Amino acid sequence: MHIECIEIANFRKLKSVRIEFSGETTVFVGANNSGKTSAMRALQYFLIEKGRNPFSLDDFTLSNWPKIDEMGAAWERANTEDQPLPEPDWAPILPFLDVWLHADKEEAHLVQKIIPTLDWDGGRLGVRFRLQPKDESKLQKAYVVARAQSHSLETTKKRTEGDLSDLLWPLSLTDFLKRRLSDLFSIEAYILDPAKFSKADRGESQPQPLPDNAEPIGSNPLKGLIQIDEIGAQRGFGQTTESGDPDDDGTLAGSSSSRRMSHQLQRYWNRHLDPLKHSSEQDIRALAAIKTAQETFDEKLMNGFSAAIQEVEKMGYPGITDPKLKISTRIKPVDGLNHPTAVQYAVTTQDDGNTVELSLPEDSNGLGYQNLISMIFRLMSFRDARMRVGKANIQSEEESDVHIPPLHLVLIEEPEAHLHTQVQQVFIRQAYKFLRSHSELGQSEELKTQVIVSTHSSHIAHECEFDDLRYFRRLPIDAASVPLSCVINLSNIFGAEDETKRFVTRYIKVTHCDLLFADAAVFVEGPAERILIPFFVEHQPELNALQQCYISWLEIGGSHAHRFKDLVEHLGLTTLIITDLDASNTDRAKEIPRRDSSLKTRNYTLKSWCPGVEELDVLLDLDEKLKSKKYESQHFSIRVAYQRPVSVEFKGKREEALCNTFEDALIMENLKLFQNHLPSNSLGEKFKTAIDTSSDLEALRNQIFQALEAGGKAEFALDLLYISEPIKLQPPSYIREGLRWLIKQLNNQQESLGVVNPKPAEDTKPQKGHDH
């Protein structure tokens, strides 16, 4: 048995999404504010049973709030007109979580509560957990009464103190629910029909509607099937004061229970080791030793306090019939762990040739190690609680609860907190193994474990299999009335294209790029561009806005950038591809670009993705608008930027320069600067010689072409970083135009997401006829 997927609807940013679970570890990735935390909260709130209702009105998707208020206004009008109250229509706006399981026919006895029909023969099963009114009629009446009282008070106040309507409660049904939702709503479970399970479209699902006559199941149908544990993002490290019951697992967000190791040890002791529970022969020996110590200590206390007690007796108390004073201690085994220094770290040092062991309290260890040790110990505790290790097994047998849940779901939020990169990677590799490290687990098919991790760490994402990543993508406001998100399953992006998938996944792992957490991506052709383009962004005022955005810079040649096409399109990630014209002849040999020479580009990105043109003459004169591609249904765009014709003045003559690479474009558009300020490395010297000795532009182009064939581009770019006046080094115009386009796209994107814009470029229109 395992969870195939979940569907979340009407919960915060998740209007309607499907999240498919991997067999072992599923990792939630995505930019900030993309819905990862919302998904974790949905799992916690709907599936983890607690004594209180954790939901609030803020958990309803914002786009549904006007519908709630419209419903309340209709009730109020009917009540004012002494008409029957309209039937509530809650179904389309209620938050819910669908859990889709896969179970074999042999497991029918475990899932009998959620089998939809008698002819079920194994396979998919679904359960919906929905937050809904406990009593719709009672809620209606409570609201209209509250509004009538508010209206009456409003009328009175208006006559005596002016208009105070904004201060009166409730102003609307949403205002009413802000206070009363936890009292009037509860979670109910419903059986779903596997035959109506539909495919999700690019991260957005269409959950099946419940029949009008659907009846809730009653008790939680997953109880006994799934054990759910959670490690929250807020783990309380570095705090000087601690509170909380060590028996409280603190699974709900905002729990104040301690995450100190000493508290976790107490909790583990209480569940699995306490000698006072089901005492064994070894436990009895330990308890006898404690009793002897307690009696010795009592005797010591009585002797110590005897003088003080005698002083009290001089006052006439106790009398003959009064009870005598006695001082007694009570030593519990767990008291040895109930103090701040219960857990210490041993440090060995040398003193005159002797090894001395010193001890430091738990708080003296680094936050990273505290976090790592705490998380590992909690995973072990979750596993042992599931498998009834130690005293928990005896207690379960006495309570006739010997059944081990066939599925264990563990939620881990942001495990990277305080951990350096190597430890992050070790943790994500080992977490699942810790949960399976038991003689009855291992490779067992009957007892499954699934781990869900949300993270902002590219290091954790890179350590995982690409198929296990789920990308949370923010949708723009113009596609909905409020910011929403969808979830992309990265396992099925490439389909049967195994070679492309291998290339992309290996590239992401090797380069540790942060593509999955960025607001936009910039693909560059080679190391020189990767070095100098961020340098231009830093030092050119019109490009500084990009420093305020989360951009993933990827160094990948034009011959490979097209391999990212499926990934970019599925992520819906605004992307600028800065590439080379890469002119070639009919034999595909590299050529200096020239007009009317039947030359073509060798660049696969330009030929097969955008703009989809191969002829060099067409590319040279292509309209700027055709260099971008807009994906209307996904609300994002991509653009290519490659060398375009520029007008330059050389040796007293102005001519059109056609460039083939970033380096020759950079030289051509900074001729005056490079005549005196070229780096002194090998390539820089060749460029300077070419500028000095060439008689005309054509000769200069030929010498630069020959110089670039010898390599040294990265060294040349690195030396340019030390130029005395960085602002004088101008980016090639094709790069400037591409970056200005990107600024405009990010401005539009942030406006659509309802956040503050980065500083816009001074002018986002391409400059035509740019002279150098």
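This is a predicted model: local features need pLDDT of at least 70, side-chain atom pairs count only at pLDDT 80 or more; totals for chains, interfaces and linings use all residues.
Entry 1: Residues are numbered from 1 along each chain as its sequence is written, and side-chain values use heavy atoms, with hydrogens and water left out.

**Entry 2: aromatic pairs.** I looked up ring pairs of Phe, Tyr and Trp (its six-membered ring), where centres must lie within 6.5 Å, and planes under 30 degrees apart count as stacked, over 60 as edge-to-face and the rest as tilted. By this rule I have 21 aromatic pairs. For W75 and Y143 I noted ring centres 6.2 Å apart and planes at 70 degrees, so this pair is edge-to-face. W75 belongs to helix 2 (residues 65-80) and Y143 to helix 3 (residues 136-161), so the pair ties together parts 68 residues apart in sequence (helices, H or I with at least four residues, and strands, E with at least two, are DSSP runs numbered from the N terminus). Both W75 and Y143 are buried.

I then turned to W90 and F185, an edge-to-face pair with 5.5 Å from centre to centre and 85 degrees between the planes. Because W90 lies in the loop between helix 2 and strand 4 (96-103) and F185 in strand 6 (residues 185-192), this pair ties together parts 95 residues apart in sequence. W90 has a relative accessible area of 2%, so I recorded W90 as buried. One aromatic cluster is formed by F60, W75, W90, Y143, W169, F176 and F185.

**Entry 3: charges over rings.** I used the rule that NZ of Lys or CZ of Arg is within 6 Å of the ring centre and within 35 degrees of the ring normal. The charged end of R128 sits over the ring of F96, at 3.9 Å from its centre, and R563 lies over the face of F503, 5.0 Å from the ring centre.

**Entry 4: cysteines.** How many disulfides does the structure hold? I found zero disulfides, taking a disulfide as a pair of cysteine sulfur atoms within 2.5 Å. I also looked up C464, which is buried at 9% relative accessibility, and C659, which is buried at 5%.

Definitions and conventions:
Buried means under 20% relative accessible area, exposed over 50%, partly exposed in between (1.4 Å probe, protein chains only).
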